Amino acid sequence: MKFTYRKYQKRAKLVGLAGGEVLWLLNEHDEWIHDVYEESDIHHGVIYSLHQSFHPKSTSITGYFKDTDTGCWIKVEKGAAALKATVGWMESLEELIQADSLERG
């Protein structure tokens with residue numbers, strides 16, 4: 001089954017320190033203090049939320065983020081994506097949703 005996440009979406013970026021355990025959701029054009037440093041981990045893409053609408057400037061979104069460069073997906077909860085979690089970056093939304101469902105039991 002092919003999932004399509006288009007109900008609520010916006011362009012955004014996930015940012016964190018290279019080698020860190022968490023990426024934080026920022027609006028696409030918001031500055032991040034580490035933008036100028038090489039130790040930054042920055043992913044540009046789109047955040048999708050099927051069930052919750054959100055303010056256009058909100059960053060406390062729960063949903064799924066698709067990286068523009070790699071096409072990979074990661075789950076975002078209340079504006080944070082855990083990189084060291086059991087379910088991290090996945091190549092397809094279907095795999096991510098299935099893995100997330102299995103993890104939650």
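The report covers the overall architecture, the sheet and its pairings, and then the lysine.

This is a predicted model: local features need pLDDT of at least 70, side-chain atom pairs count only at pLDDT 80 or more, and totals for chains, interfaces and linings use all residues. Residues are numbered from 1 along each chain as its sequence is written, and side-chain values use heavy atoms, with hydrogens and water left out.

**Architecture**

The chain has one helix and six strands. Here helices (H or I, at least four residues) and strands (E, at least two) are DSSP runs, numbered from the N terminus. Along the sequence the pattern reads β-β-β-β-β-β-α. Of the 105 residues, 40% count as buried. Buried means under 20% relative accessible area, exposed over 50%, and partly exposed in between, with a 1.4 Å probe and protein chains only. Residues 24 or more positions apart supply 46% of the chain's contacts with a separation of 6 or more. A contact means heavy atoms within 4.5 Å.

**The sheet**

Six strands form an open sheet in the order β5-β4-β3-β1-β2-β6, with antiparallel pairing. The edge strands are β5 (73-76) and β6 (80-82), and each pairs on one side only. Neighbouring strands are turned by 35° against each other on average, direction ignored. Axes for this angle are lines fitted to C-alpha atoms, for helices over the stretch in contact, and angles run from 0 to 180 degrees between N-to-C directions. Two strands pair if DSSP finds at least two bridges between them.

| Pair | Sense | Bridges |
|---|---|---|
| β4 (residues 63-67) and β5 | antiparallel | four bridges |
| β1 and β2 (residues 22-27) | antiparallel | four bridges |
| β2 and β6 | antiparallel | three bridges |

Gly63 stands opposite Val76 in β5. Val15 faces Trp24 in β2. Val22 has Ala82 in β6 as its bridge partner. β1 and β2 form a hairpin with four residues between them, and Gly19 in the turn has a positive phi of about 80°.

**Lys10**

Lys10 lies in strand β1 (residues 8-17).

The Lys10 side chain reaches the backbone oxygen of Pro56 at 3.0 Å. Not counting residues up to four places away in sequence, Lys10 touches several residues, among them Asn27, Val46, Phe54, His55 and Pro56.

Notes
Polar contact = N/O pair within 3.5 Å; in protein donor to acceptor, adjacent residues only side chain to side chain.
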